[in-house]
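Visitor: I have a structure open and would like to go through it with someone. Can we take it piece by piece?

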Amino acid sequence: MRRFLLLLTVGFQLFGFAQEQKLSTFSSIDINYFSGNIALHNDDILHLITGHPEGVIISWNKKTFGLNSWEQRYNYPDYGISFSYQNLKNEVLGNNYALYGHYNFYFFNRNLMLRIGQGLAYTTNPYNKETNHKNIAFGSALMSSTYAMINYKKERLFEKFGIQAGLTLLHYSNANVKAPNTSVNSLTINAGLTYNFDDEDLEYRYDLSDDEPYKEPIKYNFVLRGGVNESDVIGSGQFPFFVLSAYADKRLNRKSAIQVGVDAFFSNFLKELIYYQSVGFPENNVNADTDYKRLGVFVGHELFINKLSIVSQFGFYAYYPFDFEGRTYQRIGLKRYFGDKWFAALTLKSHSAKAEAVELGIGIRLLILSFLR
């Protein structure tokens, strides 16, 4: 079950890049070497930082030239697939391999590139209570992974070849699908080569006659999310969870919408944690019959990129009978729309830097008055 859910993570990311219209055959590849340091975001992983991690990222990029209006609004981004290898310079941590879907966004006359990638990673030496009990960073062989790269980029310096260099952040975590999960963040410097498959690019097209103004009535979203996760108590077991969400959103323009809503959390791992604390730590005065359910209210933002959107939400538990990681929470992730109403969602719920769960969801976005007719 764990591996199936994480495989869906990558499948969702890559599926999102299948655009409705094939724009052109124009594409490129780049190969980047990186080296740097593991960030000390948690004192518990101090024993795992023993060297300077290094590796390579190989990427294929599909270029856009404004044949669709969303490409023009985002300054003609690239989208593609990346593969990374990282040697973490520690026998306990092992080596990581990852596959991502990514977007490249451009600034300053296309000399500055920002890449955001999300995907699935495999580590060669995860936690094992008998053979590798020191690896508290990676509780499972399969994990989710995110990387961000900001580079100075200059293409076609020599015929089809170019260069790029800058900074890369790589993050690995299984989002508490299985304990332990302190995660690892690598801050690195990268440099590499680019290669364009075509002799020259198309001219960029700009003809946004319908870009502004843009109006849309308030719409109402209903989402069912679910998955499996485990508390920080190693060996306490994985349990299913479900989240029911309802929220209203208002489009500010073609790119952005703001949200206000409620979440109802049914997290079965909390049942086990409440019982464990009531029996194992009587000094905490936890009653075994304490309700494990939580109710949250949140505000959020949605950034629309073609059929994909990026969701970020900040919430507060209005009903909070058991104290777990504080009364505020965050959610960040992706939605992929199928038509005008239905969407799939892949989100990470956390409490500050502490992940609670990867949520897989399905939802509908409605104009209520139209729906009632």
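Visitor: Fine. What kind of model is this?

Guide: This is a predicted model.

Visitor: Which strands close into a barrel with β1 in it, and in what order?

Guide: The order is β1-β2-β3-β4-β5-β6-β7-β8, eight strands with antiparallel pairing. The twist from one strand to the next averages 25°.

Visitor: How many bridges join β1 to β8?

Guide: Eleven, between β1 (residues 27-38) and β8 (residues 184-196), which run antiparallel. In that pairing, Ser28 stands opposite Asn196.

Visitor: And what do β9 to β16 form?

Guide: A closed barrel of eight strands, in the order β9-β10-β11-β12-β13-β14-β15-β16, again with antiparallel pairing. Neighbouring strands of this sheet are turned by 25° against each other on average, with direction ignored.

Visitor: What does β9 pair with across β16?

Guide: β9 and β16 share seven antiparallel bridges.

Visitor: How many bridges does β15 make with β16?

Guide: Ten, in the antiparallel sense; β15 covers residues 342-351. Leu346 in that pairing faces Leu360 of β16. The two strands form a hairpin with two residues between them, and Ser352 in the turn has a positive phi of about 55°.

Visitor: Is β16 mostly buried or exposed?

Guide: Ten of its 13 residues are buried, so β16 is largely enclosed by the rest of the structure.

Visitor: Backbone next. Where is the cis peptide bond?

Guide: The cis bond joins Ala179 and Pro180, with omega about 0°. Pro180 is in the loop between β7 (161-173) and β8. As a general point, most peptide bonds are trans, and most residues other than glycine have a negative phi.

Visitor: Then what is the phi of Glu159?

Guide: Positive, about 55°, although Glu159 is not a glycine. Glu159 is in the loop between β6 (142-158) and β7. With a relative accessible area of 64%, Glu159 is exposed.

Visitor: And Asn285, what is its phi?

Guide: The phi of Asn285 is near 55°, a positive value in a residue other than glycine. Its place is in the loop between α3 (268-280) and β12. At 70% relative accessibility, Asn285 counts as exposed.

Visitor: Switching to side chains. How many aromatic pairs are there?

Guide: The count comes to 22 aromatic pairs. Take Tyr74 and Phe105: the ring centres are 6.2 Å apart and the planes are at 55°, so the pair is tilted. Tyr74 is in the loop between α2 (69-73) and β3 (78-87), Phe105 is in strand β4 (residues 95-107), and they are 31 residues apart.

Visitor: Are those two buried or exposed?

Guide: Tyr74 and Phe105 are buried. By contrast with the tilted geometry, the rings of Phe138 and Tyr172 have planes at 80° and centres 6.3 Å apart, so that pair is edge-to-face. Phe138 lies in the loop between β5 (112-123) and β6, and Tyr172 in strand β7, 34 residues apart. Phe138 and Tyr172 are buried.

Visitor: Which residues form an aromatic cluster with Tyr74?

Guide: Trp70, Tyr79, Tyr103 and Phe105 form one cluster with Tyr74.

Visitor: What sits over the ring of Phe343?

Guide: The charged end of Lys335, 4.0 Å from the ring centre. In another such arrangement, the charged end of Lys349 sits over the ring of Tyr329, 5.3 Å from its centre.

Visitor: Last topic, α3. What span should it have, and what does the model give?

Guide: At 1.5 Å a residue, the 13 residues of α3 should span 18 Å; the end C-alpha atoms are 19 Å apart, which agrees.

Visitor: Which residues of α3 are buried?

Guide: Asn268, Phe269, Leu270, Leu273, Ile274 and Ser278. In an α-helix there are 3.6 residues a turn, so residues three or four places apart point the same way.

Visitor: And what covers those buried residues?

Guide: The cover includes β9 (219-229), β10 (239-251), β11, β12 and β16 (354-366).

Visitor: How do β11 and β12 pair?

Guide: In the antiparallel sense, over ten bridges, with β11 at residues 256-267 and β12 at residues 294-305. There, Gly261 has Phe298 of β12 as its bridge partner.

Conventions: Residues numbered from 1 in each chain as written. Heavy atoms only, no water. Pairing = 2+ DSSP bridges. Helix = DSSP H or I, 4+ residues; strand = E, 2+ residues; numbered from the N terminus. Axes fitted to C-alpha atoms, helices over the stretch in contact; angles between N-to-C directions. Buried < 20%, exposed > 50% of the residue type's maximum accessible area, 1.4 Å probe, protein only. Phe/Tyr/Trp six-rings, centres within 6.5 Å; stacked < 30°, edge-to-face > 60°. Lys NZ or Arg CZ within 6 Å of the ring centre and 35° of its normal. Expected span 1.5 Å × (residues − 1). Contact = heavy atoms within 4.5 Å.
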